[in-house]
Amino acid sequence: MVENKLTSPLIPLLALTKGQNQRRFMIISMVATIITIAVFIYLGKYPLTVNSYVHQQNSSRTTVSPQLPKRVFNTLIRHHTKNISDCWTDEDYNYWKQGDFYPPGRLPGNIVYMVTTGDKHLRSRCDIMMCTFGVTIHPSRLFFVGESSNDSRIPIYDVVVPETPRPVNTAWSYQKYTRGLQMIIDKLNKSADGAEVQWIMVLDDDTFISPPNLALLVAEYNPQESFMIGQECGGAFCGGAGYVISRGLFERFPPFILSCYRTNVDGYPDQSIPRCITSKTDIKPLDRKEFNSQPPDHFTSRDGLQVRPQGYGRGVTFHYVIPADRYLSLWRLHQAYYRSR
């Protein structure tokens, strides 16, 4: 009887406490459910890897592409590993060709990029170029020229005459530059938006390129005038630094470009072809410190400081950026800078 008198006042209190706990548990459960749904929505909208994006595309492919990842391509998780063999895949290339990686609504741009290469570099240098700067370029503005007519990962064109011995050596490699330029100009003349292209950028497959810095540089010039801009060496362009050609100049190419050959004076076509162009058009190569025939670390040496005593400013190109992981590391640094602006 005493026990009942002591416990009976506690019963309503215990019931109240139990009810509060139930309500608290229900609120916590609802919040957890909402957070879980939000996380799934976020992961579906911004997949962590390109592979997860491809899986999403394959599972529900429609005529209208879903919203694409807004992150910089090469800063995704899989590119922070030492294994770079999957930096660029066959699936990535297929979606790039469809324009799925290019920001919707943005114009393709007024610069075409021509990369000269050989078959032995397709699965190394070229893959790395595609998974770095290449993925930021519209498919209509990027051409690899060499000795292959097709590839599962690279937008490549065989521009070498059929009777040329394969693999193509240095003596015959000038064709990649002359016939490559002719091919691109022909395509521009036939394409619906070809008139929008005002510049052709020519570079090697081991040349690092910054598209944003190049766009800033060419904006200083009138493309309707005749310009050929690069790193000047002895009245011509230095090999490997690359050069950009204005519309006012490349429209004059078709009558003579195929008559430019490799010479004994300039043993490499990346030097001989620009010299031929400037001599036949009576223009002078325009030297800019942003184009560089050596990698960035060279310009901290004694020789490099003599060439670039004031530095290279907003670097557009650097040559000999090999092996592939070195190219990738430099691109990550480049992207980190632009993401912070």
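Author: Let's start with burial: a residue is buried under 20% relative accessible area, exposed over 50%, and partly exposed in between (1.4 Å probe, protein chains only). We're looking at a predicted model, where local features need pLDDT of at least 70 and side-chain atom pairs count only at pLDDT 80 or more, while totals for chains, interfaces and linings use all residues. Residues are numbered from 1 along each chain as its sequence is written, and side-chain values use heavy atoms, with hydrogens and water left out.

Reader: Okay, so is Leu 286 buried, partly exposed or exposed?

Author: Leu 286 counts as partly exposed, because its relative accessibility is 27%. You'll find Leu 286 in strand β10, residues 286-287; strands are DSSP runs of E with at least two residues, helices are runs of H or I with at least four, and both are numbered from the N terminus. The protein has 11 helices and 12 strands, and 46% of its 341 residues are buried.

Reader: Which residues does Leu 286 touch, leaving out those up to four places away in sequence?

Author: A contact means heavy atoms within 4.5 Å. On that basis Leu 286 touches Tyr 221, Phe 227, Met 228, Ile 229, Gly 230 and Phe 237. Its C-alpha atom is also 7.5 Å from that of Gln 231, a residue 55 places away along the chain. Across the protein, 71% of the contacts between residues at least 6 apart in sequence join residues at least 24 apart.

Reader: Where does Thr 207 sit, and is it buried or exposed?

Author: Thr 207 lies in the loop between β4 (199-204) and β5 (208-209). Thr 207 is buried, because its relative accessible area is 0%. Beyond four places in sequence, Thr 207 touches Met 129, Gly 240, Ala 241, Thr 317, Phe 318, His 319 and Tyr 327.

Reader: Now the helices. Which residues of α4 are buried?

Author: In α4 (residues 90-97) they are Asp 92, Tyr 93, Tyr 95 and Trp 96. Looking down the axis of α4, these buried residues fall within an arc of 170°, so they line one face of the helix. The arc is that of the directions from the helix axis to the C-beta atoms. After α4 comes Gly 99, with a positive phi near 85°.

Reader: And which residues of α7 are buried?

Author: For α7 (residues 211-218), they are Pro 211, Asn 213, Leu 214, Leu 217 and Val 218. Here the arc is 160°, so the buried residues of α7 line one face too.

Reader: How do α5 and α11 cross, and at what angle?

Author: The axes of α5 (residues 122-131) and α11 (residues 324-339) come within 9 Å and cross at roughly 15°. That makes α5 roughly parallel to α11 (under 35 degrees; over 145 is roughly antiparallel, 65 to 115 roughly perpendicular, the rest oblique). Ile 128, Met 129 and Cys 131 of α5 meet Ala 324, Tyr 327 and Leu 328 of α11.

Reader: What about α6 and α9: at what angle do they pack?

Author: Helix α6 (residues 174-190) and helix α9 (residues 269-281) pack at about 45°, with their axes 8 Å apart. That makes α6 oblique to α9. From α6, Tyr 174, Tyr 177, Thr 178 and Leu 181 meet Pro 269, Asp 270, Ile 273 and Ile 277 of α9.

Methods. Axes fitted to C-alpha atoms, helices over the stretch in contact; angles between N-to-C directions.
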